[in-house]
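Here's a quick walk through a few spots worth a look in the viewer. Have the sequence open alongside as you read.

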Amino acid sequence: MPNMTDYDATKASFSLDVPERFNAAVDVVDAAAEATPDKLALRMVSPDGAHADDYSFADLRARSNRMAAVLAAQGVSKGDRIFLMLPRVIGWYDTVLGAIKLGAIPMPGTTQLKGKDIEYRINRADASVAVTDSAGAAELDRVRGTCESLETFIVMGGEVPEGWQDGDTMRDEAEDAAPPEDITAADDPMLIYFTSGTTGNPKMVLHTQASYGIGHRITATFWQDLGPDDIFWGVSDTGWAKAAWSKLFGQWGVGAAVLAWNAQGKPDFDQMLRMIADHDVTAFCAPPTIYRNFVTMDLSGYDFSRLRHCMAAGEALNPETFNAWKAATGTEIHDGYGQTETVNLLANYPCMPKKPGALGKPTPGFEVAVVDAEGNPLGPGNEGQIAVKVTPERPVGLFVEYWHDEEATAAAHLGDYYLTGDRAHVDEDGYFWFVSRDDDVIISAGYRIGPFEVESVVMEHPAVQEVACIGVPDNERGQVVKAFVVLGPGQTASDELASEIQDHVKVNTAPYKYPRQIEFIEELPKTVSGKVRRIELRD
């Protein structure tokens, strides 16, 4: 699949070949090991950033074969669900790939999950296997008595508690034997992610061998612009779908290497910037929050000479951050959009002009539109919901369903479209512009106000590092905009500064949008996937 040089021509002619039988570990990793056994596939960086262990495709094939043998010896077979909660360590890769080779279904979770979260996931999916580290084992043991479907308990990393098996030892002692041949069809279940969401319990997003194993080649080829000479670093936790976007499948499908950093605690932004040069990173992707922190620093002392391509995802990118990063590094940030339920849907591609703040245009392989409440596509300038056309064929790269939740699956579809739940509008040039989550729109005195519209302007104020806006009740207007503001280094909260920020918004956007209430806070509440928990702010 060649990288894109002409957007319109590629979009018009693109298609993905999906064979009837396919296994994302065997037909991607093992196939690469056969063709280029010594090629770098994975660079695992130590917590201090100073040391890296490199793994070739041949290494990954052998390690995942042994882990598949371990799981099979425990009675794991096709279709079994595996609760997986490990940090960014090689054991996570061994388990994901080994399980996929057997046709079992990993369910990755962030290491921040607590007992109640773990209990919900295991019981919701009837998982029979748990793979975690010693800290995770202690947390799971708190709810073990209520997780009746669990039969196998494996620890990888740290002390092995009573009642658990040592996965590292079992893997190292297992035989490197090829897994059963031709075990999965392309449309067989492969992976379950639990959506983080802003309300309610997480839903189970079911992906197939093809939807992620083949579909993410769209992500890696067009938005990430990767090839065999690249080392790609996508900043993500192993417990959410961005790991599949940036640490599995797509990158290896185009021959690129992946960097994974087992960071501990809050990110060290100075260390992150130094690692880009120290570990030969050529392509980098991070949430806008990371870039916003970067551009508050003096970037003149860092080496960006090998860095050629940068991306942002997780929320819309503010134009002022785009401009500051480009001025300091010479590289543009290519915003992209997608969900746990999808691969990359919208992106700013290297071959086309950038519009800072825009989500970009639809990826090849997808028909994306902004639709109204009846599912009718809207013209330029009209706000509606971002939707993916699913007829006459459901596109490769889209999830199958919310597993065991027919009601939620049905609610996410309308006519010919899958509804993302995100609101946007399209401009005359076909670029999509994010407005808000569908349930986050603020109605004030009859005006519809998207939180991002306000947040983007507040972010332009030099004192502001992060901001999130919600609607709060107001007797006169129904709702008014309230901004929760995290100040930058050296800034002090005051009534005078709040008034200054309000005046700044009034001057730089329609005055009805300005935040009539401002509260300064130390940190924004976020989901495990890094999205702002507006429901917590509302509470």
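## A lysine on the inside

In which helix is Lys101 found? Lys101 belongs to helix α4, which covers residues 90-102. Keep in mind as you go that this is a predicted model.

Now, is Lys101 buried or exposed? With a relative accessibility of 0%, Lys101 counts as buried, because the cut-off for buried is under 20%. Its side chain has a polar partner, though: the side chain of Asn65, at 2.7 Å. Leaving out residues up to four places away in sequence, Lys101 touches a list of residues that includes Asn23, Asp30, Arg61 and Ser64, along with Pro179 and Ile183. Asn65 is on that contact list too.

Thr5 is another story. You'll find Thr5 in the segment before α1 (7-13). Thr5 has a relative accessible area of 70%, so it goes down as exposed, the cut-off being over 50%.

Which residue lies 9.5 Å from Thr5, C-alpha to C-alpha, while being 217 residues apart from it in sequence? That's Phe222.

## Rings meeting rings

How many aromatic pairs does a search of the whole structure find? The count comes to 22. Take Tyr93 and Trp252: their ring centres are 5.8 Å apart and their planes sit at 50°, so this pair is tilted. The pair ties together distant parts of the chain, with Tyr93 in helix α4 and Trp252 in helix α11 (residues 250-253), 159 residues apart. Tyr93 and Trp252 are both buried.

Phe399 and Tyr402 make another pair. Here the centres are 4.8 Å apart and the planes are at 55°, so the label is tilted again. Both Phe399 and Tyr402 are buried. Ring pairs also build a cluster out of Trp233, Trp261, Phe269, Phe284, Tyr291, Phe294, Tyr302, Phe304 and Trp325.

## Arginines over rings

Which ring does the charged end of Arg121 sit over? It's the ring of Phe194, with the charged end 5.1 Å from the ring centre.

Phe399 turns up again here. Besides pairing with Tyr402, Phe399 has Arg394 lying over its face, 5.6 Å from the ring centre.

Technical notes. Residues are numbered from 1 along each chain as its sequence is written. This is a predicted model: local features need pLDDT of at least 70, side-chain atom pairs count only at pLDDT 80 or more; totals for chains, interfaces and linings use all residues. Side-chain values use heavy atoms; hydrogens and water are left out. Helices (H or I, at least four residues) and strands (E, at least two) are DSSP runs, numbered from the N terminus. Buried means under 20% relative accessible area, exposed over 50%, partly exposed in between (1.4 Å probe, protein chains only). A polar contact is a pair of N or O atoms within 3.5 Å; within protein, one must be able to donate a hydrogen and the other to accept it, and residues adjacent in sequence count only if both atoms are side-chain atoms. Contact means heavy atoms within 4.5 Å. Rings of Phe, Tyr and Trp (its six-membered ring) pair if their centres lie within 6.5 Å; planes under 30 degrees apart count as stacked, over 60 as edge-to-face and the rest as tilted. A charge sits over a ring if NZ of Lys or CZ of Arg is within 6 Å of the ring centre and within 35 degrees of the ring normal.
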